[in-house]
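Have a look at the model first, then read on.

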Amino acid sequence: MDLNWRAGNRWARSCMYMGVAVIMMAAACKSKPKLSSGLTPKEALATFALPDEFKIELIASEPLLSDPTDMEIDEYGRMYVVEMHGYPLDQSGTGKVRMLTDEDGDGVMDKSTVFAEGLNLPNSIMRWKKGLLVTDAPNLLYYEDADGDGKAERCDTLVKGFALSNPQHNVNSPVYGLDNWVYLAHEGATATREYKEEFGDLGTEIFYPGKPDAARLPQNASGRSVRLNPDKHLLETTSSNTQFGQAFDAWGRRLLVANAIHVYHEVMQAGYLQRNPYQVVSNATQNLSDHGDACEVFPTTTNPQTQLLTDVGVITSACGLTAYLGGAFPDAYNNNDITFVTESVSNLIHVDRLKDTGASFTASRVLERKDFLTSTDNWFRPVNMYVGPDGALYVVDYYRQIIEHPEWMGDEVIESGELYNGTDKGRIYRISRKDAGPADWTKNLKLGDASAAELVEKLASPNSWWRMNAQRLLVDRGGEEAVSALKAMAVRTDAAFGRLHALWTLNGLGALQPDLIIQALKDPVAGVRENAIRLSEQFLSNAGVVQALLSLKQDADAKVRFQLLCTLGFINSADASSVRNELLFRDLNDKWVQIAALSANATQTASLLNVVLEKYQPQNPAYASLIQRLSSIVATVDKPADIRRLVERAVKSGTKEESALQAALLEGIAQGTKTTNSVFKGEQALLVKTFFNHPYSNVRKAAFRMLKVIGIPDEAAAQAAIQQAIAVIKDASKTKEQRTEAVDFLSLRNPASNKDLLLGRIQEKEEMSVQLAALRTLNAIPDTTVCHYLLTKWETLPSGVQDAGLAMFMINPERSNMLLTAIETGKVQPLSLGWPRTQWLLGNPDEGIRTRARPLLGKQDTEKVIKTYQASLEKKGDPQKGKGIYEINCSLCHKVRGKTGLDFGPDLGSVNNWSAKAILDNILSPAASIAPGYDLWSVELNSGEILQGILASETPTAVTIRLSPGNEKAISRDEIKQLKALNMSAMPPGLEAKISVEDMAHLLAFLKQGEQQ
């Protein structure tokens, strides 16, 4: 939810409001709220457009409710609504949960009761036991009305410790999963500049209060989503994170949402990744949209304000992802393959259809050049949706004039007094097929009083509301009463969903037996087979279950085969290994199949590598990538003798086609080996010989990287190899590649004795690749030789050598101080550093470096600069000229709607809807506001190396750091000593030094246009 739902602050509070008022509104609003009126509910209904097959009705509105962010309908037809009144800055405990009922039975709510109050910034609810779970960071709360008066007397803090930052990043959206666990949508805390003291809470360990022996999670769950089983006091992190919202499809596959990425899929579950920590997988999700991230949307908003999207925009605030599983829509929407997502900034709801694509999906538009629901009312703020007992889609409308948070808007908006306009309003709409009757669940719904047998029948309903609530009630009741009926449902041939839910309900009751699993593994419906495989994991000691699993190796469904591959990773047997290999090679080009195959226990990796080597097909690049990953794992965990045999195989002479295999083996071994030099004593000479004599460059380079890892401890052998490299460097008959490689080879030893030879390579007549290799090798001299040389020759060095040389000043404080001195004297211009080096110096771990760097690189008279460039706002810019300026100055780090540039910083496709002044302010002062997910992180490795970049993705076993445009590094968590956010923007200041006021006008015109030409 970019530019949306951004607030938060830890404050001490009890579950019930104690009267303490800590109003932060004054911090951002310097004038009284205006409380403009917007449209009445009746007027708002007339503003909507949706497909002809549907109708939209109002089911609840003010004064019964206001500021709604989520809703729930319980088994007695009572609607519960969360009200987050405090957004964006009020933390006085104004949050509430209301219970709405329909007293006259006309399908429209007419009575409102405050169920709970005194909450801080509550955002979501879920029916659980006899009450409600409420997410209100830092806590997951449980409220229960024990005496039936509609008001909760009981309030328990079920789990606590989550970060409390902006609401879009706070824990939210509890969902009861098919597996009977509660899933919490969650991601890492966001950085803040304007409200650091108030909103900078990073959370603590996640734990059950008063349960010291219960499961605990690391600080803020390491920024990942959480699942819990409260009855057993279990807590686990998932393999991914999500922002505001999550959903499961009909077969239990988890779908996620975040800002511009309006639907993505958690493909690999954490449990599979964790069993082989030696496989480095830093992202367990797949983006699904075939129409792009930040995809185009088609609002119909009339008179949007400057902070809202214009008539043609992009998704920037996607949230409330909902899989439609209601079974009551027109046929085109009624196949359990539809997802809806709200886009509150654009005042609309977007719809996609999911199509199976191997282990994951592809999401395609259902409607061409239009969206499912749009409104001309710029106060319409859909933030969530809900599929009801009647199969209708319920839309939760926050109804506010302004949805952005003050941290991401111009001062004039903050000072307008309009931040809270609409806080006394809120609507819930019902979307159904045009011929549907009124909501009938509001009267006489008594699912909570149903017998066990009646609940079991509801497991076969075409509507997931009935299925999931019946399952939850059966598991909650426990006992033996329902078991026989559930076993009968589990084999009922006319009810695929009934069989699915019966199996999981039996599992929740502890009554699932192997014979039912064996039968379910033969089910005619692929989704049932897929879930039966998951359920079988508790019975892998049963020979009949294992045999039934193995018999699925030829299954026609790709997702069944993928799940089978994941599950068989728990079985260490020859038969299981054989089937895993068959599955792998059948779907080798699906990257998730490769990851699943390698997720098996690492002791099984060597045998798989041997099979891959035997089946190697040089025309298919998937083989080489798989070999490299496998050999990396083997080098980490296998015996030295086995690793030696792989090295020997990799260096044999062969054909060009075989060289890719050989290089992949060596690269993988170099990445994974953690053994001592002596282990490879015999192979060092072989690798040196390969480096100088192998006919193919990829193998030579791989041999060199292997030598970089293991070294050449024998001094005589090392010196002989160095002399051979020197001879190659001086031999003009050698190829450019060979001479470049030979220069790099000198770095295997301290190259100080060859300094003059290397300096002689850095000259105009030499190949650039050789010059850069010489510079890299000089950098290996453990003093400041290379830095002295660079500064002495700075004005005459080619720009490519200058740029490469700057990195060498970042090695240690002594070198960095030399660079800062050169900047102070004017020898080196600050803008030549570029963003990563600038930010490295500004956020350097050494306090002395930071102190020197900030006046030189970070401190600017921003107000003066912005004032100078205000003139650009009055000029009429040319978007075409602005595109050229963008390509020169911005495209290195940004794209516009997925085009024209590199994918490093935020996509600028949505800033066309900001005011020109807001764009200007962010260009001239990038650190004033950091887009979520684009702040700078520092990664300190156990080796002492420190990396800085954007945290691109993370899983329980690895993270990916985006170091620079096009340069990402996956790092195993075992290698990380410390990972911390620097609360700094990855974009450097100083763009004004590169473009004039007139050019700025052109650039603003281009960005406002949004690459629509």
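Two strands count as paired if DSSP finds at least two bridges between them. With that in mind, Thr101 stands opposite Lys111 in β6. Please keep in mind that this is a predicted model.

**A four-stranded sheet**
- Strands β3, β4, β5 and β6 form an open sheet in the order β3-β4-β5-β6, and their pairing is antiparallel.
- At the edges are β3 (68–73) and β6 (111–119), each of which pairs on one side only.
- On average, neighbouring strands of this sheet are turned by 20° against each other, with direction ignored.
- Between β5 (residues 95–101) and β6 there are seven bridges, and these two strands run antiparallel.

**Nonpolar cores**
- The largest nonpolar core holds 224 residues, and Met268, Phe745 and Leu841 have the most contacts inside it.
- Helix α17 (residues 621–637) supplies the largest share of this core, with nine residues.
- Another core, of 22 residues, lies apart from it; Ala44, Phe48, Leu50 and Ile56 are among its members.
- Leaving out residues up to four places away in sequence, Leu841 touches several residues, including Met810, Leu819, Ile849 and Leu857.

**Asn180**
- You will find Asn180 in the loop between β11 (172–176) and β12 (182–185).
- Asn180 counts as buried because its relative accessibility is 11%, and buried means under 20%.
- The side chains of Asn180 and Gln471 are joined by a polar contact of 2.8 Å.
- Beyond its neighbours within four places in sequence, Asn180 is in contact with Gln471, Val475, Trp504 and Gly508.

How values were computed
Residues numbered from 1 in each chain as written. Predicted model: local features only at pLDDT ≥ 70, side-chain atom pairs only at ≥ 80, totals over all residues. Heavy atoms only, no water. Buried < 20%, exposed > 50% of the residue type's maximum accessible area, 1.4 Å probe, protein only. Polar contact = N/O pair within 3.5 Å; in protein donor to acceptor, adjacent residues only side chain to side chain. Contact = heavy atoms within 4.5 Å. Axes fitted to C-alpha atoms, helices over the stretch in contact; angles between N-to-C directions. Core = buried A, V, L, I, M, F, W, Y, C linked by side-chain atoms within 4.5 Å.
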